[in-house]
Amino acid sequence: MKKIFTILAIIASILAIILSVLPVSNLAIVPVVAAIIFGIAAFYLSKKSGKVNKIIKFTFYLSFIALAIILYKAVFTETEVADVENLEATETKLEEESIEELEDLDIEEIDMEEIDIQDADIEDILIE
Amino acid sequence: MQRIFLIVLCLITITLSAQNNAIAPGEKLTYTASYNMSGILTDIAQVTMEASAVKTSKTTLLKLQCKATSYSKWDNFFKIRDLYESYVSPKSLTPYLYNRDINEGGYYKNMKYTFSHKTNTVKSVQKKKPNKVENKTVSINTGTKDIVSTLYSIRLYDYASMTIGARKSLPIIFDREEVKGQITYLGKETISTAIGKKECYKLAIGSSQAGVLQGKNSNFLWLTADENKIPVYGKFKIPVGNGELKIKSATGLKN
C-alpha cells in the first residue's frame, strides 16, 4: 500500500510540474492536490513502519514548486493578444481584393428592388 | 390623406420587419474562447465579430468579420490567426463574397467563395500554399449561406413569437460542401455576463437529432432577448471537457 501511494505521489507531482510550465497551468492544480494527498498517505504509512523514504519528501517539494508556478502565472500572466501585424496586413489585403471583385459582381437583386419600393412609398407621402 | 399615410406606414413596417433590425455597421463584439475541464477554465483565444460598411461604386454592402487570435501565452505552442469574412446585403444578409484565411499551428488555408444567386452556384478558390490553387464551382440551394453570414442571420429570427422546440434549418456551405445546420429554440434564461445580467434566448445548435430538448445536445448559444440579439455565451462539447465562448465587450450596437 505504501509503495502504491508513493508511486502515485511521484507520478502526480511530475505531472503537476509539467502542466504548471505549460499554458494550461490552471489544470496543474488537480495533480498538485492529488500528489499532496498521496504524499500524506504514503508519509503516514511509512511513519507507521518506522522509516520515511526521502522520495516522499521530494514529491512534496515538487508539488509546492508546481503550486508556486501556478500561483505566479495566475497573478502575473496577462491574457493578451500579441503579434497581430500579419493578420492586420492580411485583412487589408483581402478587403482591397474583395472590393475589386465586388465591383465586377452583379449585385442588384432583392435589395435594390426593396429600396426602390420604399423610396416610392416615401415619395407618395411627400406628394400627398 | 391620413388613410394613405397609415397604409404607407403599414407597408414600411411590414417591409422592415422582414429585414435586419439587429446588426449595424460599426458593431464590435469581443469574446474569450476558453477550455473548461471540471470547472477549471483556461483562456485560449480572443474572438472578435465585427460589422462594417463597405462601399462599391454600385452599392453599399455590410462586411461581417470573425477573427480568432490565440493569446500570447499559447503562441509558442499553437498559434491561431484565423480570419473569416463575408460581404453581405445589409438588409437580408445575403452573401456575395466570402473569404476564409486560416493559420492554425502552421497549417495555412485560404478559401474564397463568390456567390451567384441567379444561377445558385458558388465559385470557390482554395489556396493551401502559394502555388497550390484549386478552383471549383459548387451548386447550392436557394438560401444557402456561408458560415459567417449564417452566424449573423441567427440574430434576425423573431424568437419572441417562437414556441419552445421550434426549429430552423440553416443550409451552410463550408469546405465547398453544403451542410444542413439547425437551431432549436429552447426558451428564455437569465444569465450573468461581462456586460451585465441578461435575459437570453437559449438555442441548441447544429443538431437535427431527436432528444435535443431533453439536453442531449451539447452545443448551446445564448442570445440577448432584446432587439440586438447579440450572442453572449456559447457552450460547445469537445472530446474532453467543454469549450466556452464568453462575451468580453460589445460596442456600436444598433439598438
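Predicted model: local features only at pLDDT ≥ 70, side-chain atom pairs only at ≥ 80, totals over all residues.
In chain A, helix H1, which spans residues 2–21, and helix H2, which spans residues 29–49, have axes that come within 8 Å and cross at roughly 150°. That angle makes H1(A) roughly antiparallel to H2(A), since angles over 145 degrees are counted in this class. The crossing of the two helices, H1(A) and H2(A), is left-handed. On the side of H1(A), the contact is made by A:Lys2, A:Phe5, A:Thr6, A:Leu8, A:Ala9, A:Ala12, A:Ser13, A:Leu15, A:Ala16 and A:Leu19. These residues meet a set in H2(A) that includes A:Pro31, A:Val32, A:Phe38, A:Gly39, A:Leu45 and A:Ser49. By residue class, the contact of H1(A) with H2(A) divides into 15 nonpolar, five polar and one charged.

One of the contact residues contributed by H1(A) is A:Leu15, for which the surroundings were also computed. With 19 other C-beta atoms within 10 Å, A:Leu15 is classed as partly exposed, because the buried class begins at 20 or more such atoms. Between A:Leu15 and A:Gly50 there is a separation of 35 residues in sequence and, from C-alpha to C-alpha, of 29 Å in space.

Chain B contains three helices and 15 strands, and of its 255 residues 35% count as buried. Where contacts in chain B join residues at least 6 apart in sequence, 45% of them link residues that are at least 24 apart.

Within chain B, strand S4, which covers residues 80–88, has eight of its nine residues buried and is therefore largely enclosed by the rest of the structure. S4(B) pairs in the antiparallel sense with strand S3 of chain B (residues 60–70), over eight bridges, and in this pairing B:Tyr87 of S4(B) is the bridge partner of B:Lys63. S4(B) is also joined by nine bridges to strand S5 of chain B (residues 95–104), and these two strands run antiparallel; here B:Ser86 has B:Tyr98, in S5(B), as its bridge partner. S4(B) and S5(B) form a hairpin in which six residues lie between the strands. In the turn of this hairpin, B:Leu93 has a positive phi of about 60°.

How values were computed: Residues numbered from 1 in each chain as written. Chains lettered and ligands numbered in written order. Axes fitted to C-alpha atoms, helices over the stretch in contact; angles between N-to-C directions. Helix = DSSP H or I, 4+ residues; strand = E, 2+ residues; numbered from the N terminus. Parallel < 35°, antiparallel > 145°, perpendicular 65-115°, else oblique. Left-handed = near helix turned anticlockwise from the far one by under 90°. Contact = placed C-beta atoms within 7 Å. Nonpolar A, V, L, I, M, F, W, Y, C, P; charged D, E, K, R; others polar. Buried ≥ 20, exposed ≤ 12 C-beta atoms within 10 Å, placed from the backbone. Pairing = 2+ DSSP bridges.
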